[in-house]
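Have a look at the model first.

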Amino acid sequence: MTSRIAEWKRISAGGLVSNPGSSERVQTGAWRTRRPVIDFSQCTHCMICWVMCPDTSMQVYKDRLTGVDLAHCKGCGICASECPKHCIQMVPEDRRV
Amino acid sequence: MTLKLQALTERPETLASGHGLCPGCSESVVVRMVLMALANPAVVSLATGCLEVSSTRFPDTAWKVPVIHSAFENAASTASGIEAAYKALVRKGRMAERPLTFVVFAGDGATYDIGLQWLSGALERRHRFVYVCLNNEGYMNTGIQRSGATLKGTWTTTTPAGAATAGKVDWNKDVTAIVAAHGIPYVAQAAVHHWKDLMTKVRKAEAAAGPSFINVFAPCNRGWRHEPEDTMNVSRLAVESGAWPLYEVIDGAWHMTGSGRKTRPVADYMRAQGRFKHLMTEANAGLLAEIQARIDSEWVRLQKRCASGV
């Protein structure tokens, strides 16, 4: 957008925000210091990590866990702590996977 | 309708990523669990608190359901207004009748202290909504101050642990029982780690013919001084030690849910958090014993209520 009016000055009537889920453009993955790495050979796709994720960052396609949304995952480690199969490891971001 | 996580993944997501809640925060987990358990589309009223300021950073919103911002105290009043307006519009033929569930998300500050009178009024007027209290035992958004939900002996920034006092001086109040005393059809206590118990309670609350209230234990790793990955562990320890019993009150009859057992001393739960560090010293052994005795006596009282059914 090339509007000359600053974004915060273009406030809608009543402060209405009409773009549901637009916070996705904020890449909170930049907060992370360690990333979850899933061992898919052990994963049973029980979805405990998916339901326990505070950042809606476990990616699921047709009943199957497919990966982690690293653009938004804040690296809290709840998934690794709660995984019944212990197949998620938290790896420091400065280490290569 | 049975609860299967694989089936729930097919429902549209209700809270997007990119919100500003701390890593390891339990509030967004509770919100997702509540909204995915509902059968009807939700209309949400938010009280001021961590959840609100973090999920609605202008010009963005993390919500994918309609949300109304309220002040600290009036989230229950806002929900009352939404429900009354909906009924009036349907009655006047200006809106088609449809299944909707009105939901309030408010913290313990907004529920126990600032909004208690407003919640009480809405319950008295019998507006049909599901009130979810995200109970992290303090005003975490403004910097970890004590609230009416904070346990005696807890360190917070306004109840420091030192030579003069060992954390909060007063006991917390039992708002779940206060709400149950309004005689509304459904009241429950749940905890974030027990997703199945929580979602079952949400479904019962939604189906209730009147207002319903669920007090959800929601650990705050910043305010409680534990590691972000331990959020669910701390919640589990609170339930296992009896510090946060899981129960429901259906039409005035009290029932335990979950295992219904108390298997640990409260020290196990406290040791996992920095806010109770001072209670682990010899100087405060008496206070720790006093807290344990209170939790034991409250547990016995709850068991009696459940056994007698009233």
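Q: What makes Arg275(B) a charge that sits over the ring of Trp224(B)?

A: In this predicted model, the charged end of Arg275(B) lies 3.9 Å from the centre of the Trp224(B) ring. The distance cut-off is within 6 Å, so 3.9 Å passes.

Q: Why is the aromatic pair of Phe217(B) and Trp224(B) called tilted?

A: The centres of Phe217(B) and Trp224(B) are 5.3 Å apart, and the planes make 55 degrees. Pairing needs centres within 6.5 Å, and stacked is under 30 degrees while edge-to-face is over 60, so this pair counts as tilted. The structure holds 10 aromatic pairs over all chains.

Q: How do you know whether Phe217(B) counts as buried or exposed?

A: Phe217(B) has 1% relative accessibility, and buried means under 20%, so Phe217(B) is buried. Trp224(B), at 0%, counts as buried too.

Q: What makes Trp63(B) stand out in the largest nonpolar core?

A: Among the 61 residues of that core, Trp63(B) and Phe105(B) touch the most other members. Helix H2 (residues 27-37) of chain B gives the largest share of this core, eight residues. Leaving aside residues up to four places away in sequence, Trp63(B) has contacts that include Pro20(A), Gly21(A), Val31(B), Leu35(B) and Phe105(B).

Definitions and conventions:
Residues numbered from 1 in each chain as written. Chains lettered and ligands numbered in written order. Predicted model: local features only at pLDDT ≥ 70, side-chain atom pairs only at ≥ 80, totals over all residues. Heavy atoms only, no water. Phe/Tyr/Trp six-rings, centres within 6.5 Å; stacked < 30°, edge-to-face > 60°. Buried < 20%, exposed > 50% of the residue type's maximum accessible area, 1.4 Å probe, protein only. Lys NZ or Arg CZ within 6 Å of the ring centre and 35° of its normal. Core = buried A, V, L, I, M, F, W, Y, C linked by side-chain atoms within 4.5 Å. Helix = DSSP H or I, 4+ residues; strand = E, 2+ residues; numbered from the N terminus. Contact = heavy atoms within 4.5 Å.
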